[in-house]
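Welcome! Have the sequence and the model side by side, and let us walk through how one chain is put together.

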Amino acid sequence: MNRGALLALGFLIVIPAVALLCLVVGGTNISLFNMSDTDRTIIFDVRLPRILTALLVGAGLAACGCVLQAILRNPLADPYTLGISGGAAVGVTALLAIGPVAGLVNALGSFGLPLTAFAGALAAVGLVFLIASKQRFSVHGLILSGVILSFIFSGIVMLIFAVSKPTEIQSAMFWLMGNLANINYTLMLIVGSLILTGIIIAFILAKDMDVMTLGDEKAVHLGVSPQTTRRTLFIITSLITGACVAVSGIIGFVGLMIPHIMRLIVGPSHRMLLINSVLAGALFLAVTDTLARTIMAPNELPVGVITGIIGGVFFISLLMKKTV
Amino acid sequence: MRKYFYALLLGLLITGCPARKDATPDTTGLADATRIVYSVRTPGRIISLAPALTENLKLILPLDRLVGRTDYCNTPAQIPSVGNIMEPSIERILALNPDIILATKEANQPAVIHKLRELGLKVFVFGESDSWKMVQDNFLLMGKLLGEESKASAILSNLNQQLSKVREHVPVGSCKVFIQLNNNPLMTAGNNTFINDIIKHTGCRNIAEDAANKWPVFNIEEVIRRAPDLIIISEMGEMTATAKDMWRNFPDIPAVKSGRIYVMPAELMCQPTPDNFVKAVSQIIEWNTK
């Protein structure tokens, strides 16, 4: 067995164990063998859906980063490069600022934020698609349209902030920092199935991604249409990212750094890279989210802050040992 | 991400209640406050840069001496606004030709205050009002500043009487309260806050008293574990219903089981005035005796 397969096997053993540990760890630790009713509520209604969602979102973000770095041939690409998070942010801030007037907030209930975030993400994807299609889905066309739309979106978000009430801004701000505190099973199932389907399709296309990294011209000679592949993978990563952003807001680092870390360990072949990124992302976010709700308990920290600090330090230590 | 983080900090500063900055060293020069008091004997044209100050002012004075306010102050529309709390329009403030500008250390930006002082305007900066004692001190200071000291202390002694009267009804036995200032994130009030002192005066205990900061984002499993007898939601417009609904998922919490989830007008908890303090205490005691 090669290194990548071994590592993936290791992850498959470690993840369930760690997930179980995350389940019992918290502001107060719970013994699984001697649970009160309160403990049961906390374990099954609060922690379990949260941990499962963290696993799914971590997997989704890492997969998107991995795919986008390949198809955009850009080491700085992450799930938010193509304006998806910006679109979702516009959706959420608009809901929080304008929604109450339109009665939308009540009508949508606890699905309000995820739905508008996803709608915003889709709108952004649509716009990027439109612009990039004029550029025949070239690498530059995609990146430029994504980056420019991001600027426009963050301008709109700031505009909404400038004219809305403070309490509305606050909710939007916390959403923007990313957190997994508001999860229920229904939401988890919808988002989870979207993320997993996306990951499977990306895995099927992994060989094409290997070819794409050689450059468009060579890809054509090897029988892969860069335009079609890039378009397909762009849509898939957009849907995954949209789903992740809808439940958890904007969690940085996972999508950017996990694929890089895995590339340092298992090499650039995309089958193993994708699988290991997915598993590492899942593990990483489940652990960091547990830290977010535990280290300052009863306070909650935004998980994005933890992923940034821990992941960054870890990545630097890898860079010191190995050349990229 | 960093951009959003700074924006968050900014947002926290502008936001009313849960967003006041934690105590910082006074860089706004409170020290020269007394000098100002003596140099403007009875200020005729006043601008208030914080809603709580406007409310205090309303208790002491007829509003005709207030010539400017912020967007968030609750006053008749004919009093012109100078903008929001974070970035009031310096031009509009100048145009209103105030004798004195009232600001707070917590809500207003030091940079704005410096700018106004550089322009030769007199700015009085009030300190924190995180307890009943501080609220009263600030109120008396405001009375002194406006040349209405005796009126302010009369109002306070009246309110103190009311307070001791309602506190006769404090039920015996412990009672745990969870305050919900926002539902996403689940934000509450920690120790050293106006709200915490309100709860203390009702004979109850704030379950978030041990949190690390004044306005913590609270972990919901801790709410379940600490089993509050009362959940009090600070009114948040259309979001109030969603905030109330979310507790239905946790029927084991005593407050949920007994249906004791109440909605409090936001200003009672978020605008630290003596009047609001007494009203909030009475309201909670009333709910607790139900």
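How are H7(B) and H13(B) oriented to each other, roughly parallel or roughly perpendicular?

## About the model

This is a predicted model, where local features need pLDDT of at least 70, side-chain atom pairs count only at pLDDT 80 or more, and totals for chains, interfaces and linings use all residues. Residues are numbered from 1 along each chain as its sequence is written, chains are lettered from A and ligands numbered from 1 in the order written, and side-chain values use heavy atoms, leaving out hydrogens and water.

## Two helices side by side

In chain B, the axes of helix H7 (residues 149-167) and helix H13 (residues 274-289) come within 10 Å and cross at roughly 10°. Therefore H7(B) and H13(B) are roughly parallel to each other (an angle under 35 degrees). Axes here are lines fitted to C-alpha atoms over the stretch in contact, with angles from 0 to 180 degrees between N-to-C directions. Helices are DSSP runs of H or I with at least four residues, and strands are E runs of at least two, numbered from the N terminus.

Residues in contact (heavy atoms within 4.5 Å) include Leu156(B) and Leu163(B) from H7(B), and Phe277(B) and Val281(B) from H13(B).

## Chain B overall

Chain B has 13 helices and 10 strands. Of its 290 residues, 57% are buried (under 20% relative accessible area, 1.4 Å probe, protein chains only). Among contacts in chain B with a separation of 6 or more, 63% join residues 24 or more positions apart.

Key. Angles under 35 degrees count as roughly parallel, over 145 as roughly antiparallel, 65 to 115 as roughly perpendicular and the rest as oblique. Buried means under 20% relative accessible area, exposed over 50%, partly exposed in between (1.4 Å probe, protein chains only).
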